[in-house]
Each structure stands twice: as structure tokens, then as C-alpha cells.
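The report that follows is meant for a reader who is meeting this structure for the first time. Please keep the sequence and the model in view while reading.

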Amino acid sequence: MSGDREVGIDLQSFAARMRRMTAEFNRVAHEFAHEHGLHITDVQALIKIFDAPSPITPGRLREELNLTSGAVTACLDRLERAGHIRRVRDVHDRRVVHLHYLDAAKEFAAAFFGPLGRSTDNALRRFSPEELRTVAAFLDAMNGELGALRAAPGSS
């Protein structure tokens, strides 16, 4: 453990590294939003819709982004007008709406975020599969902790 402190892996330096990475990701997302006339909330919504394992509902998106119903509706209206998403009513329950990320939006995002993907790939190649499994396990654990923190009473 004392060797860890020598290479700067104490909690404070680790937290600083995480904040720096988050700030860099945010910078890229803000540039993308600005370049394409989107709100940063629109970009966050697009990411949530794209990353969802199955089509997400507006209500779930509202919960994920901690927005009001009106704000989600305005966001989805902008994204739909811009051709990024499509709202589809559930065939079994017409009251339920699912959000679908359109192929044109995938191409649009790929063009902008391609350099980020290449940078990520460059970083990944510096580590062994075992090291990457450890990093992935840490990220999964950290996301779980952050989710629990968000869900805790009084955390809003």
C-alpha cells in the first residue's frame, strides 16, 4: 500500500484525475452541443437514449436526467425536429411511448465523436486485458456507488 502513495494513487489525487477526465468529457459534449445548436441537456438525453439496452420511455429519461416533465418534452421536441430521435407508441399499450435513436443521429454523432473514440482506443491499447478488466470493474463499482448516492434520501 505504501507503494501506491508513491505513484500518486491516494484518494485526493485519484479524485482529481476523475474530475479532470469528467471535465474533458464535458468539454467535448459542450463543443458538440454548441456546434450543432443543441442544449447540453439534449446531448445528455441523446447519450441516455443511445446507451439504453432497450428503448427508453420519456418518464425514465426524466428520472435519469432529473428533469421536469416539461423540460423533457421540450428536449424531445427539439431532438425529434432535428431528426435525432423518433417517438414510437407501444403496440400493446398506446399510452406508453418509447424513444428510438435514429441512424442519421448515429452517423452525426460518430462524425463528431470519432476522435474521442480513437483517443479511447489509444488509451485502451496501453493496458493488458487483465488491467482493463480491473478498470471496468472499478468503473462499474463507481457507477453503482454514484447511483446509490443519487437514490439516497435527501440527495436531490
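Asn66 is found in the loop that runs between α4 and α5. Although Asn66 is not a glycine, its phi is positive, at about 55°. Most residues other than glycine have a negative phi. Asn66 counts as exposed, because its relative accessibility is 62% and the exposed class begins over 50%.

## Confidence in the model

The model is a predicted one, and its confidence values deserve a look before the details are read. The mean pLDDT of the protein chain is 88, with 94% of the residues reaching 70 or more. Among the elements of the chain, strand β1, covering residues 85-89, has the highest mean pLDDT, at 95, whereas helix α1, covering residues 2-6, has the lowest, at 48. Over residues 1-5 the pLDDT stays under 50, and for this stretch the model has 2 contacts beyond four places in sequence.

## Overall build

The protein chain contains 7 helices and 2 strands, and reading along the sequence gives the pattern α-α-α-α-α-β-β-α-α. Along its principal axes, the C-alpha trace spans about 60 × 40 × 30 Å. Of the contacts with a separation of 6 or more, 45% are accounted for by residues 24 or more positions apart.

Buried residues make up 19% of the 156 residues in the chain. The chain exposes about 11200 Å², and carbon and sulfur atoms supply 57% of that area. As for charge, there are 21 positive and 21 negative side chains, and the centres of these two sets lie 4 Å apart.

## The largest nonpolar core

In soluble globular proteins, nonpolar side chains tend to be buried together. Here the largest nonpolar core has 22 residues, and those that touch the most other members are Leu38, Ile49, Leu61, Leu76, Leu79, Ile85 and Leu99. Two or more residues of this core come from each of α2 (11-35), α3 (40-51), α4 (58-65), α5 (69-81), β2 (97-101) and α6 (103-124).

When neighbours within four places in sequence are left aside, Leu76 is in contact with Ile49, Pro58, Leu61, Ile85, Arg87 and Leu99.

Setting aside neighbours within four places in sequence, the contacts of His84 are Leu38, Leu46, Leu79, His100, Tyr101, Leu102, Ala105 and Phe108. His84 and Asp103 are 19 residues apart in sequence, and their C-alpha atoms are 8.0 Å apart in space.

Phe112 has its place in helix α6, and with a relative accessibility of 18% this phenylalanine also counts as buried, given that the class takes in values under 20%. Apart from neighbours within four places in sequence, Phe112 is in contact with Val28, Glu31, Phe32, Glu35 and His36.

## A partly exposed phenylalanine

Phe127 is placed in the loop between α6 and α7 (129-151). Its relative accessibility is 42%, so Phe127 counts as partly exposed. Phe127 and Asp51 are 76 residues apart along the chain, and 25 Å separates their C-alpha atoms.

Key:
Residues are numbered from 1 along each chain as its sequence is written. This is a predicted model: local features need pLDDT of at least 70, side-chain atom pairs count only at pLDDT 80 or more; totals for chains, interfaces and linings use all residues. Side-chain values use heavy atoms; hydrogens and water are left out. A nonpolar core is a set of buried Ala, Val, Leu, Ile, Met, Phe, Trp, Tyr and Cys residues joined through side-chain atoms within 4.5 Å. Buried means under 20% relative accessible area, exposed over 50%, partly exposed in between (1.4 Å probe, protein chains only). Helices (H or I, at least four residues) and strands (E, at least two) are DSSP runs, numbered from the N terminus. Contact means heavy atoms within 4.5 Å. pLDDT is the predictor's confidence in each residue, from 0 to 100. Accessible areas come from the Shrake-Rupley method with a 1.4 Å probe; for residues, only the protein chains shown count as cover. Lys and Arg count as positive and Asp and Glu as negative; His and the chain ends are not counted. The place of a charge is taken as NZ of Lys, CZ of Arg, CG of Asp or CD of Glu.
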